[in-house]
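Q: Got this one open on my screen. Can you walk me through it?

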Amino acid sequence: MFKDHFKKISITATTMIIFSLAASTALSIFYFVTKSPIEESDAKAKRIFLNQVIPANLYDNNLVKDTISIEPNPLLGNKKNIDVYRAKKNNQVIAVIIETIAPDGYSGEIKTLVGIDQEDKILGVRVITHKETPGLGDYIEIDKSQWIKNFDFKSLDKLSEKQWAVKKDGGDFDYVSGATITSRAVVKSTYKCLLYSKENKKRLFAS
């Protein structure tokens, strides 16, 4: 009786092992078959998004692949290394796109991409992810409103530190009533991104 019981256990265990190996093999094959199409699709989507920050007619390199890695920095709010995209024209860096994180949104972190040219001027800002209230704080998305375009062509030279705030706080930027915290967070993180770019200009724009 013990032998029969042991035999049943052995058969069950063997069957499970074979099934696990088969499943693992199938998953591996699926991964390698779909890896390239997925990467190509992601790269295309990323290019479209980056071109909203820096127009494609301004550069002639592969923006997605031309990056440098930067370490965590309090001005950017990144807790791990991130890539900075560098737009080049005739092999000269004419602008960079930096990911910055506002930790103080109404519902959590707000991640944005900020395009900055050699003259420390903003070419564009776009929100990557956020958790702000739908129908209220989501006006920071370009698909919901034009508010994010308020940053276009702004710079540290054109606006004083005090002006880098919402109008409710005496600054230069509009805000949506009931969602002031959201506006404050994005304005503040964009200003800090400009400071980072200016402090690290030599590294970011080195050819």
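Q: Let's start with Trp164: buried or exposed?
A: Trp164 is buried, since its relative accessible area is 6%. Buried means under 20% relative accessible area, exposed means over 50%, and partly exposed is in between (1.4 Å probe, protein chains only).

Q: Before we go on, what kind of model is this?
A: This is a predicted model, where local features need pLDDT of at least 70 and side-chain atom pairs count only at pLDDT 80 or more, while totals for chains, interfaces and linings use all residues. Residues are numbered from 1 along each chain as its sequence is written, and side-chain values use heavy atoms, with hydrogens and water left out.

Q: Okay, how many aromatic pairs turn up in the whole structure?
A: A search of the whole structure gives six aromatic pairs. Rings of Phe, Tyr and Trp (its six-membered ring) pair if their centres lie within 6.5 Å; planes under 30 degrees apart are stacked, over 60 edge-to-face, and the rest tilted.

Q: What does the pair of Trp164 and Tyr191 look like?
A: That pair is tilted, with 5.8 Å centre to centre and 35° between the planes. Trp164 sits in the loop between β5 and α2 while Tyr191 is in helix α2, so the pair ties together parts that are 27 residues apart in sequence. Helices (H or I, at least four residues) and strands (E, at least two) are DSSP runs, numbered from the N terminus.

Q: And Tyr191, buried or exposed?
A: Tyr191 counts as buried, because its relative accessibility is 15%.

Q: Which residues form the aromatic cluster?
A: Tyr139, Trp147, Phe151, Trp164, Phe173 and Tyr191 form one cluster. Trp147 and Phe151 are both buried.

Q: Switching to the sheet, what's the strand order?
A: Five strands make an open sheet in the order β1-β2-β3-β4-β5, with antiparallel pairing. The edge strands, β1 and β5 (122-129), each pair on one side only. Two strands pair if DSSP finds at least two bridges between them.

Q: How many bridges join β1 to β2?
A: Four bridges join β1 (residues 67-70) to β2, and the two run antiparallel. Ile70 is opposite Ile82 in β2, and Thr67 is opposite Tyr85 in β2.

Q: And from β2 to β3?
A: Five bridges there, with β3 covering residues 92-105, and again the two run antiparallel. Tyr85 is opposite Ile97 in β3. The β2 and β3 hairpin has two residues between the strands, and Asn90 takes a positive phi near 55° there.

Q: How covered is β2?
A: Mostly covered: six of the eight residues in β2 (residues 82-89) are buried.

Q: Where does helix α2 lie?
A: Helix α2 (residues 180-199) lies across β1, β3, β4 and β5, and runs at about 140° to β3. Axes are lines fitted to C-alpha atoms, for helices over the stretch in contact, and angles run from 0 to 180 degrees between N-to-C directions.

Q: Last topic, where is Val114 found?
A: Val114 is in strand β4 (residues 108-117). Val114 counts as buried because its relative accessibility is 0%.

Q: What is Val114 in contact with?
A: Leaving aside neighbours within four places in sequence, the contacts of Val114 include Val53, Val96, Ile97, Thr190 and Cys193. Contact means heavy atoms within 4.5 Å.
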